[in-house]
Amino acid sequence: MGKSVIAAFTAVLFLSCASAYALPLEQDMDILGVELATVQSTDSGPEMHQALQKMQAAAEDAKKSAPYTLQGQAPDSSGMKDYRAGLDQLITQIVVVDKLAVLNKLPEARTEAKKLAEIRNQNHKKFR
């Protein structure tokens, strides 16, 4: 009886830890989506800059997690390397758009921001 209780407790603890890892990634992806919508719709350079800063922080944080399709893979596996490379590509493009937003070049920033959606779509096909 004692061993089965310990086994059940261990299983519950393991499952709660596994779900705890998935939640931050989901939150990061939600932040990326909400802030991308702001970037695409705002007419304010400072508001766009702020949204891009939030996107960059969320993308950096997302690199610490694994998407559901890659859970259980080693951090140095090719899938995980590809996942992090996709986030690095997104971060690089965020920086490009942010430089334009800071200079208040909003039409150019919106044009470059279209690439953010393209990067997102490419990586969703691979890892979602």
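**Helix α3**

I started with α3 (78-102), in what is a predicted model. α3 has 25 residues and spans 36 Å from first to last C-alpha, close to the 36 Å expected at 1.5 Å a residue. The expected span is 1.5 Å times one less than the number of residues. Helices here are DSSP runs of H or I with at least four residues, strands are runs of E with at least two, and both are numbered from the N terminus. I noted that Asn 104 follows α3 and has a positive phi, near 60°.

I then looked up Gly 79, which is found in α3. Gly 79 counts as buried, because its relative accessibility is 12%. The cut-offs are under 20% relative accessible area for buried, over 50% for exposed, and partly exposed in between, with a 1.4 Å probe and protein chains only. Leaving aside neighbours within four places in sequence, I find Gly 79 in contact with Leu 70, Gln 73 and Phe 127, where contact means heavy atoms within 4.5 Å. From Gly 79 to Ala 66 the C-alpha distance is 9.7 Å, at 13 residues apart in sequence.

**Conventions and confidence**

I number residues from 1 along each chain as its sequence is written, and side-chain values use heavy atoms, with hydrogens and water left out. Local features need a pLDDT of at least 70 and side-chain atom pairs count only at pLDDT 80 or more, while totals for chains, interfaces and linings use all residues.

pLDDT is the predictor's confidence in each residue, from 0 to 100. The protein chain averages 87, and 82% of the residues score at least 70. Over residues 11-23 the pLDDT is below 50, and I find 2 contacts for this stretch beyond near neighbours in sequence.

**Chain totals**

I count 4 helices and 0 strands in the protein chain. Of its 128 residues, 31% are buried. Among contacts with a separation of 6 or more, 64% join residues 24 or more positions apart.

**Helix α4**

α4 (residues 106-127) has 22 residues and reaches 31 Å between its end C-alphas, against 32 Å expected. I list Leu 106, Ala 109, Ala 113, Leu 116, Ala 117, Ile 119, Asn 123 and Phe 127 as buried in α4. Seen down the axis, the buried residues of α4 fall within an arc of 165°, so they line one face of the helix. The arc is taken over the directions from the helix axis to the C-beta atoms. Pro 107, Lys 114 and Lys 125 are exposed on the other side of α4.

**Helix α2**

α2 has 18 residues and reaches 25 Å, close to the 26 Å expected. Its buried residues are Gly 45, Met 48, Ala 51, Leu 52, Met 55, Ala 58, Ala 59 and Ala 62. These cover an arc of only 150° around the axis, which puts them on the same side of α2. Gln 50 also lies in α2, and at 46% relative accessibility Gln 50 counts as partly exposed. Gln 50 and Val 102 are 52 residues apart in sequence and 9.8 Å apart, C-alpha to C-alpha.

**Largest pocket**

A pocket, on a 1 Å grid over the protein atoms alone, is an open set of points where a 1.4 Å probe fits, with protein on both sides within 12 Å along at least five of seven lines; lining residues have an atom within 4 Å of a point. The lining has 25 residues, and Leu 25, Met 29, Tyr 83, His 124 and Arg 128 lie nearest the centre. α1 (2-41), α3 and α4 each supply at least two lining residues, and α1 gives the most, with 8.
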